[in-house]
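Let's take a walk through a protein model together. Have the sequence and the 3D view ready, and follow along from the surface to the inside and then along the backbone.

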Amino acid sequence: MADVAALAGVSSQTVSRVVNGRSNVDTLTRDRVLAAMDEIGYRPNSAARALKSGRFSTIGVIMFGLSSFGNMRTLDAVATASAQAGYSITLIPVALPTQGAVAGAVNRLAEQAVDGIVIIMEAHILDRIDVTVPTGLPVVIVDSDAGARYTVVDTDQTEGARLATQHLLDLGHKTVWHIAGPESSFSAGRRTASWRATLKAAGAPVPPVLEGDWSAQSGYVHGVALAADPAVTAIFASNDQMALGVMRAMHEAGRSVPASCSVVGFDDMREADAFWPPLTTVHQDFGQVGRLCIEKLLRQIDSPGASVPGTTIVPTHLVLRASTAPPPR
């Protein structure tokens, strides 16, 4: 910093103000300092700045389910929003969503000097009253029912599933079959409960739930069984990949989608409109989820103790494409 100051003909304090983005430096002086930094190859020492300010400009992310489309889109959104706010991220994946795994990951992140933590768990763990996140760091949780104790951001799983199911009923289908996500998944549970409630409210029969694992293969396996039953004319899959597997099974069985059976997915992945036929699905705004997570986490970081627990819901909406139609006559 002294070398930069000497080359630019300014004081070390002026260099410090430029490095820290202070506004009380005129434009010509700032440009001279930046040119001197570039000529010398000066880079601020982030470790020293962190010791001085108590900020590390790093956000930790704990994540279960790296193969999940929704989780990866959320992680991408969190990373993008972090970068825009001047933060980098440190990712700690956990193999199993347990109390011990979460606590261990939090402790590892605390040792690596992060300013706050985002937890993307998509499993029934953090909503259990006997499970707690170690204290001492600001925390925001994605996809959980733990809003009574923590800051939570989630998409409207309930409304999305209701829209999907009601759309099929409104087309004239007598009932809607459902291929759910894993029983351990919080979002899958919300979607299944909403599907069931929508059918009951309409006075429609409630078929048995078929449990998948989010993969196209699990959708295909259930789709083979459903395709063999001509009474099945409408299927709501809990994500787009399982819906893709269902459509393959229908095609192989000689049943046209949507003329013989309508299919709706959930997520609105980028490829959904490239399926054949293009998939009717529920759109989730993962970008907004990521932005809100970082916004709420930075609020906790900037004002410790000011944040109150609660859940912020990001709306979902139905995207109509060509995979749904009235039932065959």
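This is a predicted model: local features need pLDDT of at least 70, side-chain atom pairs count only at pLDDT 80 or more; totals for chains, interfaces and linings use all residues.

Is Leu66 buried, exposed or partly exposed? Its relative accessibility is 40%, so Leu66 counts as partly exposed.

Now let's look inside. How many cavities of 30 Å³ or more does the structure hold? There is one, and the space in the largest cavity comes to about 200 Å³. Its lining is made of 20 residues. Among them, Gly70, Asp143, Arg191, Gln284 and Phe286 lie nearest the centre of the cavity. Which elements supply at least two residues each to this lining? They are α5, β5 (151-155), α8 (186-201) and α11 (286-302). The most comes from α5, which gives four residues to the lining.

Next, turn to the backbone. Most peptide bonds are trans, and most residues other than glycine have a negative phi. With that in mind, some places in this model are worth a visit.

Start with the bond from Val257 to Pro258, which is cis, with omega near 15 degrees. Pro258 belongs to the loop between α10 (240-252) and β9 (262-267). Another cis peptide bond joins Trp276 to Pro277, and here omega is about -5 degrees. You will find Pro277 in the loop that runs between β9 and β10 (280-283).

The loop between β9 and β10 also holds Asp268. Asp268 is not a glycine, yet its phi is positive, near 60 degrees. With a relative accessible area of 13%, under the 20% cut-off, Asp268 is buried.

Finish at Trp214, in the loop between β7 (210-211) and α9 (216-227). What is the phi of Trp214? The value is near 80 degrees, which is positive in a residue other than glycine. The relative accessible area of Trp214 is 13%, so Trp214 counts as buried.

Definitions and conventions:
Residues are numbered from 1 along each chain as its sequence is written. Side-chain values use heavy atoms; hydrogens and water are left out. Buried means under 20% relative accessible area, exposed over 50%, partly exposed in between (1.4 Å probe, protein chains only). On a 1 Å grid over the protein atoms alone, a cavity is a set of points where a 1.4 Å probe fits but cannot get out, and a pocket is an open set with protein on both sides within 12 Å along at least five of seven lines; lining residues have an atom within 4 Å of a point. Grid points are joined across faces, edges and corners, and a volume is the space filled by probe spheres set on the points.
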